[in-house]
Every structure is written in structure tokens, then in C-alpha cells.
Amino acid sequence: MSNVESLVSDWLPLPDVAEMLEVSITKVHGLLDERALVAIRRGERNIRSIPALFVQDGHVVDSLKGTIAVLSDAGYNDEELIIWLFTADESLRGRPIDALREGRKTEIRRRAQSLAW
């Protein structure tokens, strides 16, 4: 099991993401192209999937796109970025993804920006 698989327990294949967001699969591909979401290939069938926690109340987590941009600018690839978001940090009292879901984006972005230095 890869590190990302051990950190993220619930995954959504892209058709399920489209259903949850009530959009077409084409729109989900657009969200990936815009870097509002990131997906990795996983499982036996090598299906592109996103962590389920990237969706909240029928929407993509509000502050995810900007955080993805900051981490990408710091040189993180999609898998590394997911690992960073799902790795517990004692100083945060949880994981960065949990803080984003709670609306604490400023703190997370500041930490992500520091990774580039």
C-alpha cells in the first residue's frame, strides 16, 4: 500500500464526483484541468479518483483550488500534494484538509507557501 493509500481511506471515482456535485463528467474534467481538484490513478483498474474529503456539502471544498495552486508552485505533484493535505500535524490539531474544511485557509496557505522556500 502506498503512503497516499494509507492516509486517505475514502476515494471517489470521477463519475461519482460528477453525481455528488450534480454536474457532467465533462465539468469534473474541467475542474481537474483548472486545478480546482486533483486526482490520482488508483486501484486494480487504475481509475482516476479524488479523496472524498475534497467534496463538502455537494461542492468542492471552497479553499482547495488556491491551496492546490500554492502547493503546485512549491513543486508538489498531485500525489505529494494529497499526502501533505492528509498528513496529521500536531501544531494544527489535525490535518490540513480538515482545517480547510473548517474554513481555516489562511493558516494552511501560509504553511503551504513556506514549503517553497
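UniProt, in an unreviewed entry, lists residues 10-54 as "domain: DNA-binding protein Rv2175c wHTH". The model here is a predicted one. In it, the C-alpha atoms at the ends of residues 10-54 are 10 Å apart, and the span is 38% helix and 24% strand.

Q: What makes E1 and E3 count as paired strands?
A: Pairing takes at least two bridges. E1 and strand E3 (residues 47-51) have three bridges, in the antiparallel sense, so they pass the cut-off of at least two. Tryptophan 11 stands opposite proline 51 in E3.

Q: In what order do the three strands of the open sheet come?
A: The order is E1-E3-E2, with antiparallel pairing.

Q: Why do strands E1 (11-13) and E2 (40-42) stand at the edges?
A: Each has a single partner strand, so one side of each has no neighbour in the sheet. On average, neighbouring strands of this sheet are turned by 55 degrees against each other, direction ignored.

Q: Which helix lies across E1 and E3?
A: That's helix H2 (residues 14-21), running at about 95 degrees to E1.

Q: Why are H4 and H5 called oblique to each other?
A: Helix H4 (residues 64-73) and helix H5 (residues 78-86) pack at about 120 degrees, with axes 10 Å apart. Roughly perpendicular covers 65 to 115 and roughly antiparallel is over 145, so an angle between those ranges is oblique. H4 and H5 therefore get that label.

Q: Which residues make the contact between H4 and H5?
A: H4 brings Leu64, Thr67, Ile68, Leu71 and Ser72, while H5 brings Leu81, Trp84 and Leu85. They divide into six nonpolar, two polar and no charged.

Methods: Residues numbered from 1 in each chain as written. Predicted model: local features only at pLDDT ≥ 70, side-chain atom pairs only at ≥ 80, totals over all residues. Heavy atoms only, no water. UniProt positions renumbered as here; feature names shortened; annotations may be inferred. Helix = DSSP H or I, 4+ residues; strand = E, 2+ residues; numbered from the N terminus. Axes fitted to C-alpha atoms, helices over the stretch in contact; angles between N-to-C directions. Contact = heavy atoms within 4.5 Å. Parallel < 35°, antiparallel > 145°, perpendicular 65-115°, else oblique. Nonpolar A, V, L, I, M, F, W, Y, C, P; charged D, E, K, R; others polar.
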